[in-house]
Amino acid sequence: MTIAFSSEFRRLVVDNGLVVNEAIRPTREIAVDGYVVPGLRDAHFHPVTYAASLVVPSLKSARDFGEVADRIAGASSELAPGVPMSAIRLDDETLTEGRLPNRHDLDVMVGDRPLILHRYCGHIAMANTAALELAGVTSATPDPAGGTLDRDEQGEPTGVLREMGIEVVSLPLAEQSGPAVTDDQVVDAMYALASVGLTSIGGIVGCGDGPWADLGDQFSQLLRIADRLPINVRVLVIGQDPDQLRNAARRVEEVGSPRLTFLGVKIFGDGSLGGHTAAMHEPFADADTTGQLRFDAEASRPLAETALDLGGIVAIHAIGDRANAAVLDFFDDIVAGGGDPNRLRIEHASVLGPGEVATFARLGVTASVQPAFMASETEWLEKRVGSARLPQTYPLRTLLDAGVPLAGGSDCPVEPPHPLSGIAAARDRCGIVPAESLSAAEALSLFTTGAARALLEPEPLEIGSPADFVVLDVDPLAATPDQLRAANVLATYVGGELVEVPDGTVTWQE
Ligand SMILES: [Zn+2]
């Protein structure tokens, strides 16, 4: 068998699952027919929601309400009467109707079965009348802290739920319906990730609360499958209080799986660009709002301190420039109090003015970025942020040149899990502000070295580090972005062992 290596890696010698120096150790040589690159890592991933995206109706490619209705009716016909159902990845930007469906639209589709439908960004959901009734939501229900329930002129809830408003309906639904995916389905999904070249993910999970509560206690589900994980899952818990984090860290340790580690806490700072809920300094270009700042420094401090005490990291979601400024302020305090900036991440870091970039660089806080967002946002991003802010949106080149550590991710199932597409998007930016492009090597390192650092893993393929690597049919440093999008992952090794992906494994449904 021939052995070809990428221009980066000439030889790979493995012993006991670790990369070793062949001169000093008895070794096993792995012969491959392709290009060896470090295992690809995704710093920001929702593993259980991804598994759900492979089994519940996924609506991103639906063209109009009629197609949404067809997919929902198909799935509904397989459920017992009255059992609540969830659907995900609705994108109103690409629907002919150009708006979110309301409760009445959904009632026509599914009758009196409770239904919750998540927008693809995860920050807006829609409920039908039966779901609102099951949750006890009426015109008298107040908006929860950090969220809203849209209302019509009569003050009646329209079924559109924003931010923490989602939980008002998703939580009672979860109690009724149980987990949306089985343990086996989550395991299958993790094999699917191995097949696209991922050897580790930063796995964000809720504990049965939060916006995707209707998908169940995702953390406990990961613990149950810990021994069956084919790849490494570094768990980021969406925690509400310090005890929950301490318990989570303890339970992960008790399970004792080499594939599952506690990574830290995930906190929300704002919403999304798509939903106009990202917190901006100036209003959006196409709506008279500056979004919703959800970040609460006082509530976040004990969570952050606990995560750091537990040896973990703090990952805070901030998309708008105003949210980023608020979180950077908070991190400034944490660093001043002795917190290690290498353990502080801002998730998305999407819109950043010069002030925010300078603070990122001064503190040394990691920007955890998702280049593949640009693939979904090409049609509307400029309309939303305006031409003046477009160059400040996903400013990867500016961040890198300022010395800000970057980690790559997909935020899957917001975007597909394929890391090679993310690497390609960091290079050609799907045409959005090409001046902010990264080189082939820089883009690759987002999903190797950069993400590994953000997951508290050793430098990939150094002597002594786990032999987590993949074999590609192209050299990622020589291929064009489009060749990379079309490339195949020939094999994925975790700890020096080949992951045997079952035939027929599905990796994505639009
Ligand atoms: Zn996310």
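Trainee: In what order do the 5 strands of the open sheet come?

Mentor: Strands are DSSP runs (E, at least two residues; helices are H or I, at least four), numbered from the N terminus, and two strands pair if DSSP finds at least two bridges between them. Here the order is S6-S7-S8-S10-S9, with mixed pairing. S6 (85-90) and S9 (147-151) are at the edges with a single partner strand each, so one side of each has no neighbour in the sheet. From one strand to the next, the twist averages 20 degrees. This is a predicted model, where local features need pLDDT of at least 70 and side-chain atom pairs pLDDT 80 or more, while totals for chains, interfaces and linings use all residues. Residues are numbered from 1 along each chain as its sequence is written, and side-chain values use heavy atoms, without hydrogens and water.

Trainee: How many bridges join S9 to S10?

Mentor: There are 4, and S9 runs antiparallel to S10 (residues 157-163). One pairs Arg-151 with Pro-157 of S10.

Trainee: Which helix packs on the sheet?

Mentor: Contact means heavy atoms within 4.5 Å. Angles run from 0 to 180 degrees between N-to-C directions, with axes fitted to C-alpha atoms, for helices over the stretch in contact. Helix H2 (residues 65-76) touches S6 and S7 (115-119), and its direction makes about 150 degrees with that of S6.

Trainee: How many cavities of 30 Å³ or more does the structure hold?

Mentor: On a 1 Å grid over the protein atoms alone, a cavity is a set of points where a 1.4 Å probe fits but cannot get out; lining residues have an atom within 4 Å of a point. The structure holds 4.

Definitions and conventions
On a 1 Å grid over the protein atoms alone, a cavity is a set of points where a 1.4 Å probe fits but cannot get out, and a pocket is an open set with protein on both sides within 12 Å along at least five of seven lines; lining residues have an atom within 4 Å of a point. Grid points are joined across faces, edges and corners, and a volume is the space filled by probe spheres set on the points.
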